[in-house]
Amino acid sequence: LNLDDIMFDEEGYKVMIGIEKNYYIKSSVSKVMFDGEESDLYVVKDVTEKVETERKLEQMTLIDDLTGLGNRRMLVRDYKDFILPHVQEGNNGYLSMIDLDNFKQANDVYGHSFGDDVLINIGKIFRDHMDEDVKIYRVGGDEFSLLAINKSQNEILQLLRKLKNKISTFKYGKQVNLGFSAGVIEVNVKDSKRRLSDYYEKADSLLYLAKEEGKDRIKI
């Protein structure tokens, strides 16, 4: 490579594509006196290990330890990187808030260890239905959130009903009556602000309306 291939002005690092692995390099240039003349001193460092460690640590802070789903921080990041660019191109996206029905009762009767096992199994159910267009997060104790693109309103409802059925019919090893209630809001390019907090609050309001109407239902 020529120096021009790896030198750059902005902060950060450059990726060198390798055969077996990629390498990350960071470069800098400073003015020095050399042999009586002002010269440029170029320093190029291999920062691969540092970058890989930082990425692992960042990933750990974005993942819920119990369920393996993304957490609230990842929801915020994905809303900016996943939903907004899609919506700004004139497409619709969806945000759903999901709250388990009767989880507290099962947790109180059988203990927190059983409650953790329930959440682990539900996390697997959710992960099995995630793809490049659908992402699900654990944002609280038994609260979850879903982001989706490239889906119609009807497809979102069908997906949520399928997930609700999987959760209610899963064999948890003890007698429980689990399910969930959900609120769904559309993220639209015509909306003036398109702030996550606004959509989150609206979807949450629909969720609790579903709870008040008897649980085990989806409001949109």
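The protein chain exposes about 13500 Å², of which carbon and sulfur atoms supply 47%; accessible areas here come from the Shrake-Rupley method with a 1.4 Å probe, and for residues only the protein chains shown count as cover. This is a predicted model, in which local features need pLDDT of at least 70 and side-chain atom pairs count only at pLDDT 80 or more, while totals for chains, interfaces and linings use all residues. Residues are numbered from 1 along each chain as its sequence is written, and side-chain values use heavy atoms, with hydrogens and water left out.

**The whole chain**

- The protein chain has seven helices and eight strands; helices (H or I, at least four residues) and strands (E, at least two) are DSSP runs, numbered from the N terminus.
- Along the principal axes, the C-alpha atoms of the protein chain fill a box of roughly 85 × 45 × 30 Å.
- Of the 220 residues in the protein chain, 39% are buried, meaning under 20% relative accessible area (1.4 Å probe, protein chains only).

**The sheet**

- Five strands form an open sheet with mixed pairing, in the order β5-β6-β4-β7-β8.
- β5 and β8 (218-219) are the edge strands, each pairing on one side only; two strands pair if DSSP finds at least two bridges between them.
- β7 and β8 run parallel and are joined by two bridges.
- Ala-182 stands opposite Ile-218 in β8.

**The nonpolar cores**

- A nonpolar core is a set of buried Ala, Val, Leu, Ile, Met, Phe, Trp, Tyr and Cys residues joined through side-chain atoms within 4.5 Å.
- The largest nonpolar core has 30 residues, and Phe-126, Leu-146 and Phe-180 have the most contacts inside it.
- Elements that give two or more residues to this core include α5 (112-128), β6 (143-149) and β7 (179-187).
- Leaving aside neighbours within four places in sequence, Phe-126 is in contact (heavy atoms within 4.5 Å) with Leu-69, Ile-136, Phe-144, Leu-163, Ile-167 and Phe-180.
- Another core, of 22 residues, lies apart from the largest one, and Leu-95, Leu-147, Ile-185 and Ala-203 are among its members.

**A closer look at Ser-181**

- Ser-181 is in strand β7.
- Ser-181 counts as buried because its relative accessibility is 0%.
- The side chain of Ser-181 makes a polar contact with the side chain of Asp-101 (3.0 Å); such a contact is a pair of N or O atoms within 3.5 Å, where, within protein, one must be able to donate a hydrogen and the other to accept it, and residues adjacent in sequence count only if both atoms are side-chain atoms.
- Not counting residues up to four places away in sequence, Ser-181 touches residues including Met-97, Asp-99, Leu-207 and Arg-217.

Definitions and conventions: Buried means under 20% relative accessible area, exposed over 50%, partly exposed in between (1.4 Å probe, protein chains only).
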